[in-house]
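Hi everyone, thanks for making time this morning. I'd like to walk you through one model, so please bring it up on your screens.

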Amino acid sequence: MPEITCPSCDKKLASITGYSQHLAKTSNPACHTLYLSSWRFAPDPANDVDIDTPDSNNPLHFEGDFFWTYAENELAWPGSDDEVDVGQAPVDEEDSDFDINDHNEWEPPAAPALPTGQPIDSAIKQPSNIIYHAQLNGPSSSSTAFSELVSIEGLSEKIGLSFKNTWELNKIIDNELPGHPKFKHDQIVVANEAFDIYYRDIIECIKALFSDPNFADVLAFAPGCHYADKDEAIRLYHEMHTGKWWCNSQKHLDRERPGATIIPIIISSDKTQVMMFRNKTAYPIYMTIRNIPKDIHWKPSCQAHVLLAYLPTTRLEHVTNKAAHRQMLANLYHACVGCILAPLAAAGINGINMQSGDGIMCRGHPLFACFAGDYPEQVLATTVKTTQCPKCDVPSNELGLATDLGAVLDALCALDQGGLAFVRACADAGIKPIVHPFWEGLPYVNIFESITPDILHQLYQGLVKHLLTWLSDACSSMEIDAQCRRLPPNHHIRLFMKGITTLSCVSGTEHNQICRFLLSIIIDISLPNNMSSARLLCAICGLLDFFISFSMLVLLDEVLNLFDDNKDIFIDLGIRNSFNLPKLHFTAHYVHTIQMYGTMDNYNTEYTECLHIDLAKDAYRSMNHRNELGQMTTWLEWREKIFRHKKYIQWRLIKNTAHPHHQPHPPEMTFCHTQMMTKHPTIKAVTLDKVANEYGATHFNESTLPVNTAVTARQLKDQAADIHIPFQRLLVFHKVKWLLDNVCGDGDPPVTVDSVHACPGRSGKFTSDSVAPQFDTVFINDGTGRSLGIKGYQIAQVRIIFLIPPKAIPKLFLSTFQPPKHLAYIKWFSPFCIPDQDHGLHKVSRVIKNGE
């Protein structure tokens with residue numbers, strides 16, 4: 001494209017875009033005048049003016065009194081003795097404001113209104129997009145800028161806006177757009193001190209979720225039992241309606257109020273930090289109903305969770321006694337949550353009329369089902385003491401049965417007998433003396449049963465963190481980090497090239513990734529004093545297998561017993577004195593909880609951790625830090641209404657397409673994998689020499705011979721020398737993927753479950769630019785392998801994935817045989833033998849070593 005020259009300053013520009021930006025941003029008066037006049041002469045279809053579209057290669061050159069090529073001496077400013085460079089405006093020392101209209105030498109034309117014929121950016125073609133982007137940037141940070149933008153003369157009319165400033169936009173959102181219930185502001189009095197609380201009507205929130213048209217086709221209304229076999233001997237637990245809690249509650253309700261529809265309520269609370277500095281926190285409470293499937297809850301964009309309230313975050317600095325401080329905070333928490341959940345007491349027994357999104361009416365009974373939170377929140381909700389299990393009534397160094405709810409309720413009733421009797425009764429029941437816990441008056445609630453496992457904080461951020469510390473003390477941190485650096489790259493394996501013992505602020509995702517290779521790096525590590533590592537490996541295997549055995553409940557107990565039988569190795573090494581860890585003890589309750597409430601992804605705290613960003617942190621950053629909770633709740637109401645309106649627009653744009661009714665069904669036991677290759681090869685012409693040298697396919701010629709186990713490697717090589725390969729170059733692919741089809745049927749795209757790389761390394765100009773070669777290992781099915789187990793499989797390393805040139809296929813194969821489209825050259829490993837008795841892994845070795 002030829003260069004474009006500015007007619008005012010003779011500056012050379014590479015493109016029409018650069019020319020336009022130059023005119024828009026220049027400080028040269030002549031160029032600025034040219035920019036303003038270009039708006040004046042823009043085409044306007046409304047006035048039927050026939051103006052040819054400017055050619056990008058030949059920009060318009062305007063003519064007249066104000067448009068010519070200026071010389072440098074003609075651009076000197078009046079009253080200035082010094083010469084000024086072209087394109088640089090001088091600044092007056094007394095007044096730095098630059099006004100081009102103060103000079104008599106020239107006068108630019110007045111800036112006209114926005115012409116109709118000018119193109120509008122696609123982001124603001126629809127008024128809803130303007131509202132979406134402007135409002136979600138925050139009422140305080142962008143309200144003034146947005147008001148100035150829409151107040152430009154003619155802009156609102158040209159793009160069809162019905163408002164001219166932020167205040168009018170907010171008024172439209174408040175009065176005309178539907179959304180979730182509004183927040184209420186109230187005060188809770190505890191110990192003669194008032195605290196502000198912002199909350200919503202929980203009944204209205206339940207109705208809003210239950211009646212959402214987006215969930216109408218996926219709601220579950222009744223419990224169900226699913227089985228993995230035809231004899232109904234193996235029961236499946238997945239969604240909450242397949243658990244025993246829903247079934248038992250339905251039986252109790254049917255005896256008293258037949259025809260009831262249970263609406264399970266899950267409450268989650270967690271204090272979060274909203275600023276990196278100043279230690280500013282927010283205390284949100286989230287609520288959802290488990291009639292909505294868990295695959296909907298996984299997606300924050302579906303808005304299946306509702307922000308129910310913001311609890312007070314007071315520090316009670318005036319209370320200096322530590323025991324009184326803790327007691328007052330606990331009473332404040334239960335008083336606030338009790339006020340929020342109070343409507344569930346009558347609604348759970350009597351029921352309320354509920355209408356789903358498709359118009360079906362039912363009598364819904366909202367029942368408190370689960371409480372999801374980390375360990376401090378669990379202790380606070382159940383009123384037990386710290387270091388004790390929130391589900392057991394025994395000391396933390398023992399395992400026992402569930403807490404006796406009757407004894408706890410009797411202790412709470414002792415409040416009428418006086419303060420001293422109340423404190424003694426609570427101590428005998430093993431709870432803190434909390435005045436009216438929030439769950440005291442809720443129907444069909446056993447708070448100790450309602451406490452659910454927390455995979456994020458109990459397993460990944462708890463047990464795995466402890467395990468890494470124990471291994472660092474037992475096996476040396478330097479040796480563990482060195483083993484991490486030796487790991488080969490592979491799919492689903494993250495490499496920590498600097499080691500794992502020096503990491504700080506490790507997330508749950510990173511701990512999950514560490515679990516995938518932790519066993520492999522400690523197999524050959526020696527222990528102090530030449531102690532046998534057999535018990536250590538068994539203990540590690542038991543704990544790691546617990547993280548991946550949730551698909552079979554029988555295995556959970558087996559792997560826990562394996563860890564319990566070998567965990568004393570850490571005591572013998574002097575690393576631990578005991579294992580009185582609440583998070584480790586809680587693993588004994590996982591099987592029972594899954595049987596009651598379904599799989600743990602029904603109540604995982606990872607969902608609410610993600611909600612902190614959208615519903616707490618972003619809300620705090622959007623306001624001006626005055627009346628914080630009031631501004632945050634207002635901004636969140638606007639945000640929810642805008643999202644709801646955006647979904648409605650999308651629904652109208654697809655012309656009200658009807659979807660078939662979703663029937664709850666158990667997950668598929670078999671998964672269909674689809675192989676995916678790129679449309680075009682990574683390299684179109686790789687010579688056979690590079691195939692052998694760079695890809696490591698040293699016996700590529702021999703691989704073209706039919707498989708015959710009766711000949712030796714030397715005889716095979718001699719036979720290959722007589723074969724003529726009718727091509728010298730290959731079409732090579734560096735990657736192949738396998739996609740998992742959507743088993744949920746919710747329209748989501750397939751997910752990449754595995755991939756194989758076969759690409760040589762490359763060197764760059766700098767060491768950091770170099771890429772190491774990667775040739776992944778795979779399981780090869782010999783035709784007898786099944787979906788479970790390793791029988792019928794053998795390990796091989798993929799060296800090259802290629803296509804045979806189409807012209808060479810008739811010369812290599814008979815016309816009656818059609819070879820596969822994609823082929824791979826692999827290097828075999830030895831077959832599987834007996835697994836190791838300590839860690840259960842199989843040892844394999846390369847079949848060909850050093851070319852032999």
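Helix α26, residues 628–653, lies across β4 and β11, and it runs at about 165° to β11. Keep in mind as we go that this is a predicted model.

Let's look at those two strands. β4 covers residues 193–199 and β11 covers residues 306–310; they run antiparallel and are joined by two bridges.

In what order do the strands sit? Seven strands make up an open sheet, and the order reads β3-β4-β11-β10-β7-β13-β12, with mixed pairing. At the edges you'll find β3 (184–190) and β12 (352–355), each of which pairs on one side only. On average, neighbouring strands here are turned by 35° against each other, ignoring direction.

Another helix packs on this sheet: α7, residues 202–210. Helix α7 touches β7, β10, β11, β12 and β13, and its direction makes about 45° with that of β10.

Last stop, helix α12, residues 375–382. Why do I call it largely enclosed by the rest of the structure? Because six of its eight residues are buried, meaning under 20% relative accessible area. Those buried residues are Tyr375, Glu377, Gln378, Val379, Ala381 and Thr382.

Note on methods. Residues numbered from 1 in each chain as written. Predicted model: local features only at pLDDT ≥ 70, side-chain atom pairs only at ≥ 80, totals over all residues. Heavy atoms only, no water. Buried < 20%, exposed > 50% of the residue type's maximum accessible area, 1.4 Å probe, protein only. Helix = DSSP H or I, 4+ residues; strand = E, 2+ residues; numbered from the N terminus. Pairing = 2+ DSSP bridges. Axes fitted to C-alpha atoms, helices over the stretch in contact; angles between N-to-C directions. Contact = heavy atoms within 4.5 Å.
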